[in-house]
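Have the sequence and the coordinates open as you read.

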Amino acid sequence: MDKTSALKREVEAVLGRLGKMLPGFRVRSSQQAMMTTIVDVLMRARSEGETTALDGSHIGVIEAPTGTGKSLAVALPALLVAKETGRKVVISSATVALQEQLIKKDLPLISKALSSPCTFVLAK
């Protein structure tokens, strides 16, 4: 079993735990597609000091309308990949409101649903 496949299964497991923690929570297929893409892209990212040639497969562009659940779809796989690889992940947002949502609501919730909690900070 490769690490990317294992991380995708872990995403599914965490989503199941979130479903038990949040009444009415439902996973959207568009979120699942985003999460799978993010795992794939981040796992192909080059680590510091690596010199392998880049073919563009480490770049991902995801666009979705408001209300799709992008915050969760980005944060959950990013945190799992960071924990697996020992890398740090930066999640950038365009608004202070979204920064506040991530740091006060989404990231603490995801951390509780993970098998081992993660740490995160707000950088301004």
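Helices here are DSSP runs of H or I with at least four residues, and strands are runs of E with at least two, numbered from the N terminus. This is a predicted model, in which local features need pLDDT of at least 70 and side-chain atom pairs count only at pLDDT 80 or more, while totals for chains, interfaces and linings use all residues. Residues are numbered from 1 along each chain as its sequence is written, and side-chain values use heavy atoms, with hydrogens and water left out.

Start with Glu84, which sits in helix α3 (residues 70–85). With a relative accessible area of 38%, Glu84 is partly exposed (buried means under 20%, exposed over 50%, and partly exposed in between, with a 1.4 Å probe and protein chains only). Leaving aside residues up to four places away in sequence, Glu84 touches Lys3 and Leu7, where contact means heavy atoms within 4.5 Å. The C-alpha atoms of Glu84 and Met43 are 9.5 Å apart, although 41 residues separate the two along the chain.

Now turn to helix α1 (residues 3–21) and helix α4 (residues 96–113), whose axes come within 9 Å and cross at roughly 110°. Axes are lines fitted to C-alpha atoms, for helices over the stretch in contact, and angles run from 0 to 180 degrees between N-to-C directions. The two helices, α1 and α4, are therefore roughly perpendicular, since angles under 35 degrees count as roughly parallel, over 145 as roughly antiparallel, 65 to 115 as roughly perpendicular and the rest as oblique. Val14, Arg17, Leu18 and Met21 of α1 meet Leu109, Lys112 and Ala113 of α4.

Helix α4 also holds Ser111, which counts as buried at 8% relative accessibility. Beyond residues up to four places away in sequence, Ser111 touches Pro117, Cys118 and Phe120.
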